[in-house]
Amino acid sequence: MPSPHARSVLPARTRSLAPGLAVAAAAVAVAVWLGTLQSVLGPLVIALVLGVLLANSSLYTPALQPGVTAGTKKLLRAGVVLLGLQLALPDIVALGLPVLGLIVACVALSYVLTLHLGLRLGLSRAGATLMAAGFSICGASAIAGLQSVVKADDDETAGAVAMVTLYGSLMIIVLPVLGGLLGLDDERFGMWAGLAVHEVAQVVAVAGTAGVTALAVATVVKLGRVLMLAPVAALASLGERRRAAALVGADRPDDGPSGASTSRPPVVPLFVLGFLVMVAVRSLGILSEPVLEAGRTVTTVLLAAGMFGLGAGIDVRRLLRTGGRFAAVGAGSTVLLAGGSLLGVLLVA
């Protein structure tokens, strides 16, 4: 039985969170609603923007802050876990080995080259990693998954999401034009869209211009890229562990234990294991369509709530000072991925 002190603390905590939680819930509802009205900006991006607008206005009072930011990282991780319910392995395996190899090659090369470009242009390793994950895998969802692994700050997260949105939106206009000029058939165009475009919603918007066949191919190829989130997150976590161990080693004198204490992330983050479990559950075919639809809705709500909390921690003036570097990395990554994936499609398909 809880003590009287515990009973008094809990209501006080609830009262302190209630105003911010109410605002966050309203913002998520607006973001999800606006996301259904168009295909350029998804609910996650809209939620992030709403959080930024709130944080940089006079409306963001101290009474709102605890509830708005409560559990931001946990919400993002939970959303990424449930994202696994959107992936059925039999559908992806049915693409065939050449296409699966092309997906892995495009994600790997895009990730490595974007990371290298980001570091060369002055981004922090965390910022460059978020850009690499967002552009190579699945946009804002991948950024949300990697944000806590590499300990990126909110401004870096916002910069990466903004660039994924900007260049993904440009691809909605540019790719159909290029596909027509190149004379790509529906299957090849759908494959290219699935490989080259960043967000799932953007892929649907691009491939939908070429018809049902292109849309079906693009969607499955894109989900193949989403599946790469698990190994990429695990490798990023392993890299963080090695860097943390190197820092501890550098601080440790040869003749005694170090006084430094550097926490290291797990080799495989728990949310990645959860993501893989959800993929396995979906692949068993035991879930009905209403359950899967409910899972998609909950995933969107959780990720949007986390993004709103992240947005509420962003200083726009500081973000603008570093925006040029993010834009340059985004442009280079988009061109590299679009060009490399087109070459791969022409060779494989």
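Glu293 is partly exposed, because its relative accessibility is 40% (buried means under 20% relative accessible area, exposed over 50%, partly exposed in between, with a 1.4 Å probe and protein chains only). The model is predicted, so that local features need pLDDT of at least 70 and side-chain atom pairs count only at pLDDT 80 or more, while totals for chains, interfaces and linings use all residues. Residues are numbered from 1 along each chain as its sequence is written, and side-chain values use heavy atoms, with hydrogens and water left out.

The structure holds two salt bridges (a side-chain nitrogen of Lys or Arg within 4 Å of a carboxyl oxygen of Asp or Glu). Glu293 pairs with Arg296 at 2.8 Å, N to O; both residues lie in helix 15 (residues 289-311), three residues apart, about one turn of the helix. Helices are DSSP runs of H or I with at least four residues, numbered from the N terminus. Arg296 is partly exposed at 26% relative accessibility, as is Glu289 at 47%.

In helix 14 (residues 270-283), the end C-alpha atoms are 20 Å apart, which agrees with the 20 Å that 14 residues should span at 1.5 Å a residue (the expected span is 1.5 Å times one less than the number of residues). Buried residues of helix 14 include Phe271, Phe275 and Met278. The buried residues of helix 14 fall within an arc of 160° seen down the axis, so they line one face of the helix (the arc is that of the directions from the helix axis to the C-beta atoms). Gly285, which follows helix 14, has a positive phi near 75°.

Note on methods:
Helices (H or I, at least four residues) and strands (E, at least two) are DSSP runs, numbered from the N terminus.
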